[in-house]
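This briefing covers the ligand site and the pockets of one protein model. Please keep the sequence and structure open while reading.

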Amino acid sequence: MVSPVTDDREEIALNEAFQAKVDAELKIEPKDWMPEGYRRTLIRQMSQHAHSEVVGMLPEGNWLTRAPSLKRKGVLMAKIQDEGGHGLYLYSAAETLGISRDEMYEQLHTGKAKYSSIFNYPTLNWADVGAIGWLVDGAAITNQIALCRCSYGPYARAMVKVCKEESFHQRQGYEIMMVMAEGTKEQKAMAQDALNRWWWPALMMFGPHDSESTHSTQNMKWKIKRTSNDELRQRFIDATVPQAEYLDLTIPDDKLKWNEEKQSYDWGEIDWDEFANVVAGNGLCNRERLQTRRDAHDGGKWVRDAALAYAEKRKKRAAKQAA
Ligand code: 3HC
């Protein structure tokens, strides 16, 4: 927790010592002194990351009762449960910075906090479940591997666990796409249609271009962000295009072309108006997603009340026994 500072000289010395620690690749822990801006940007990013995990359960949840087999249903159930666990893990890590769970929920439910725009797109058929695992979790892994080296200890350690589970998520998605791409003509067409609808929103997950990024410069100095938005996006594109080629599916970008000199792909341009529109709350599913979260929170009130009442009873019983 940030301790009050007496005067500017002390503030400068504390900031210099803090930056030296970050530069030396030492982890910052909850009880360490940290600049208020560092704490605030981490609460912003970590809580929004947690919101993304929890809201991210909803698009795929839509297909749990419609899964084509018991096996697919079991795999999807495991994946969705993982995402919920990632969310709770990240809320707990964010709480170490002094924000309460209730405050974070209130920020999400009132629309004050963001979550990843990707989760405001509809899942129209089973191929979407494959495309989400393959592309959305693939993009998340690319981003989260970098976060394993974040300077804030609780966040970096949470990412190590999360990344292990994300790789299963990505593989199960790619396997769905493979079965469909090698299936009937109709199934392959569904896989191609899902790739066409999820490709560009997946690229938006890496955030605006570096030149437009609000937080990148400072967050890279603080080693919260270890690799820039554009670099991670390029890394994801370079890894994913060969996977699409293997499936004999076409990436929906007619400017995509291997650049021998750069040893990576040249590609087109994201529709940043669409990005801004979805982030502003006008995507196809924004309202539905937030309402579902509010209803789940309200519907779960009795569980929270019962757990709190039980904890209170245990506390009273322990106090009585101790007396
Ligand atoms: N959707 C919504 N908002 C976005 C966004 C997106 N795809 N990309 C960027 N933004 C927002 C940022 O939050 C910031 O707004 P804010 O100041 O109100 O928070 C603004 O756009 C400017 O972007 P910056 O690049 O300056 O912001 P960051 O430095 O925070 O970089 C980020 C954005 C790369 C998403 C970074 O926040 C990050 O790495 N977050 C952690 C990872 C994360 O949240 N991933 C989301 C998906 S989680 C997931 O997919 C789970 C998987 O299991 C399915």
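**Ligand site and pockets**

An oxygen atom of the ligand lies 2.9 Å from an N or O atom in the Ser213 side chain, which falls under the definition of a polar contact (a pair of N or O atoms within 3.5 Å). The protein buries 89% of the 1000 Å² that the ligand exposes when taken alone; accessible areas come from the Shrake-Rupley method with a 1.4 Å probe. This is a predicted model, in which local features need pLDDT of at least 70, side-chain atom pairs count only at pLDDT 80 or more, and totals for chains, interfaces and linings use all residues. Residues are numbered from 1 along each chain as its sequence is written, and side-chain values use heavy atoms, with hydrogens and water left out.

**Contacts and shell of the ligand**

- The side chain of Arg44 has an N or O atom 2.9 Å from an oxygen atom of the ligand.
- For the side chain of Asn143, an N or O atom is likewise 2.9 Å from a ligand oxygen.
- There are 30 residues around the ligand, and Glu83, Lys114, Glu166, Thr214 and His215 come nearest; a residue is near if one of its heavy atoms lies within 4 Å.
- Helices H2 (36-55), H6 (126-147), H7 (153-181) and H11 (272-282) each give at least two residues to this shell, with helices taken as DSSP runs (H or I, at least four residues) numbered from the N terminus.
- H2 provides the largest share of the shell, six residues.
- The shell has eleven nonpolar, twelve polar and seven charged residues, where Ala, Val, Leu, Ile, Met, Phe, Trp, Tyr, Cys and Pro count as nonpolar, Asp, Glu, Lys and Arg as charged, and the others, Gly among them, as polar.

**Largest pocket**

- The ligand takes up the space of the largest pocket; on a 1 Å grid over the protein atoms alone, a pocket is an open set of points where a 1.4 Å probe fits, with protein on both sides within 12 Å along at least five of seven lines, and lining residues have an atom within 4 Å of a point.
- Its volume is about 1200 Å³, a volume being the space filled by probe spheres set on the points.
- Of its 50 lining residues, Arg44, Gln45, Gln48, Ser116 and Met205 are the closest to the centre.
- H6 gives the largest share of the lining, nine residues.

**Second largest pocket**

- The second largest pocket has a volume of about 250 Å³.
- Its lining has 16 residues, with Gly111, Tyr115, Val279, Gly281 and Asn286 nearest the centre.
- H11 and helix H12 (286-299) are the elements that give two or more residues to this lining.

Terms used
A polar contact is a pair of N or O atoms within 3.5 Å; within protein, one must be able to donate a hydrogen and the other to accept it, and residues adjacent in sequence count only if both atoms are side-chain atoms. A molecule sits in a cavity or pocket if more than half of its atoms lie within 2 Å of its grid points.
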